[in-house]
Amino acid sequence: MQRNRRFWGLGIVLAFGAAVMLLTTFASAAPGKKAKHVRWDIISTTGIPPAPINPGGHASATAPDGDTITLTGSGRFVAPASGGGSSAATGGGTWTTTSGGSGTYRVTRLVSWQFANFQTNVGFIDNIGGGRTANGTSVLKIAFSDGSTGVLTVGCHGPGAPPGIFEGIATTKGYKTYYAVQPPAPGVDANRTLFHVR
């Protein structure tokens with residue numbers, strides 16, 4: 001009889017623990033805390049509404065030795081609710097450097113995604129679509145066609161963005177850090193990015 005009571009007691013403790021775990025799981029999956037499907041693009045646009053926003057743009061960043069890298073590209077990733085990394089990431093593009101290198105790169109992993117806010121509608125013609133335009137920062141692991149690897153940071157500081165986000169790209173390629181972001185200039189079709197979130 002005493003043995004049965006112990007089993008009942010253990011069963012109650014286990015059932016309580018399972019209930020707490022389920023409640024915690026459902027609470028963490030509440031609206032606003034779900035995984036996000038995000039498309040990123042280095043876009044082509046002059047930045048003056050109602051200019052069209054198209055894929056296929058280019059953006060540049062400069063290393064401390066003066067070497068500049070220019071990237072094209074786009075891709076998609078699934079960002080966990082935690083804001084952490086994910087292997088559910090695809091995409092890539094081309095790269096060229098002023099020191100003479102060129103080739104392609106591909107995304108191998110999402111390191112992090114930090115959503116800032118949805119953009120204010122100021123009249124751009126969005127020819128990319130696939131979700132709501134958003135401001136934020138993504139960090140992606142990438143592999144270059146020459147065998148080097150790096151980390152690509154994509155920052156989007158569009159209409160309505162809070163301060164502190166750069167617009168454009170920064171990257172590493174091997175040991176070299178191309179972190180001097182080239183900001184966009186009004187009317188010039190370069191150095192702009194965009195996120196679409198669904």
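Helices (H or I, at least four residues) and strands (E, at least two) are DSSP runs, numbered from the N terminus, and two strands pair if DSSP finds at least two bridges between them. This is a predicted model, in which local features need pLDDT of at least 70 and side-chain atom pairs count only at pLDDT 80 or more, while totals for chains, interfaces and linings use all residues. Residues are numbered from 1 along each chain as its sequence is written, and side-chain values use heavy atoms, with hydrogens and water left out.

Begin with strand E9 (residues 132–144) and strand E7 (residues 102–118), which pair in the antiparallel sense over eleven bridges; here Phe144 of E9 faces Tyr105.

Then select strand E10 (residues 149–156), joined to E9 by eight antiparallel bridges, with Val139 standing opposite Thr153. The hairpin of E9 and E10 has four residues between the strands, and Gly147 in this hairpin takes a positive phi near 95°.

Finish at Thr172 in strand E11 (residues 168–173). Is Thr172 buried or exposed? Thr172 is buried because its relative accessible area is 13%, and buried means under 20%, exposed over 50%, partly exposed in between (1.4 Å probe, protein chains only). Leaving aside neighbours within four places in sequence, the residues in contact (heavy atoms within 4.5 Å) with Thr172 include Phe144, Thr149 and Val151. A polar atom of the Thr172 side chain lies 2.8 Å from the backbone nitrogen of Val151.

Definitions and conventions. Polar contact = N/O pair within 3.5 Å; in protein donor to acceptor, adjacent residues only side chain to side chain.
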